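Subject: Structure handover

Hello,

Here is the structure for you to look over. My notes on what turned up follow below.

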Amino acid sequence: HSHQVAVLAHALAVIRNEKFGGHADAGAVAVAALYHDASEILTGDMPTPVKYKNDALRTAYKAVEHESARVMASLQPAELQAETQAWLTGSVLNDAERKILKAADRLSAIIKCIEEDRGGNREFEAARTQQMDALHAMSCPEAEYFIAHMLPCYEQNLDELTRGRF
């Protein structure tokens, strides 16, 4: 999952810079994406609907994630701890880059739903709609560009994608 989010985040940062005149650090966004769920090694993965059910749960879970990142960083040699913790928490990113990372995480969830649907599992239809609605609500032009120009490829099989290209 983290690899896919890193690739998506990099793509969104490039789209932001090339299509919308942004100044996102595509490399930093990609690396932060590789670390974005690392704290779950200690905390476990909490389902999104529970994690974001209300402000109290969201705040408490963020505190748990931050403490997990601190503990994980403390396992590094002292001279590496501060930088490791910055990557684990995403604090190396500015607000626009954090938004790109969040959008990439949502796109990854949408792609998972598409893959499940293509495999015949209709249980992910509601999750796909929920994630798409949440992504649209972010008002992230690079994500909207990706949805319009790139996401349709995930609905195709390899033969459809490559027909006439080789």
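The protein has ten helices and zero strands. Helices (H or I, at least four residues) and strands (E, at least two) are DSSP runs, numbered from the N terminus. The order along the sequence is α-α-α-α-α-α-α-α-α-α. The radius of gyration is 17 Å, close to the 15 Å that the globule rule gives for 166 residues, so the protein is as compact as a globular protein of that length. That radius is taken over C-alpha atoms, and the rule is 2.2 Å times the number of residues to the power 0.38.

Some ground rules. This is a predicted model, where local features need pLDDT of at least 70, side-chain atom pairs count only at pLDDT 80 or more, and totals for chains, interfaces and linings use all residues. Residues are numbered from 1 along each chain as its sequence is written, and side-chain values use heavy atoms, with hydrogens and water left out.

Confidence: pLDDT (the predictor's confidence in each residue, from 0 to 100) averages 90 over the protein, and 96% of the residues score at least 70. Helix α4 (residues 48-51) is lowest, at a mean of 66. Helix α9 is highest, at 98.

Overall dimensions: the C-alpha atoms fill a box of roughly 55 × 35 × 30 Å, taken along the principal axes. Of the 166 residues, 34% count as buried. Buried means under 20% relative accessible area, exposed over 50%, partly exposed in between (1.4 Å probe, protein chains only). Among contacts (heavy atoms within 4.5 Å) between residues at least 6 apart in sequence, 63% join residues at least 24 apart.

Now α9. This helix spans residues 141-149, and Glu142, Ala143, Phe146 and Ile147 are buried in it. Seen down the axis of α9, its buried residues fall within an arc of 140 degrees, so they line one face of the helix. The arc is that of the directions from the helix axis to the C-beta atoms. An α-helix has 3.6 residues a turn, so residues three or four places apart point the same way. The cover over the buried residues of α9 includes α1 (2-20), α7 (95-118) and α8 (125-137).

Last, Cys140. This residue sits in the loop between α8 and α9. Cys140 is buried, with a relative accessible area of 1%. Leaving aside neighbours within four places in sequence, Cys140 is in contact with Lys99 and Ala103. Glu115 is 25 residues from Cys140 in sequence and 23 Å from it in space, C-alpha to C-alpha.

Best wishes
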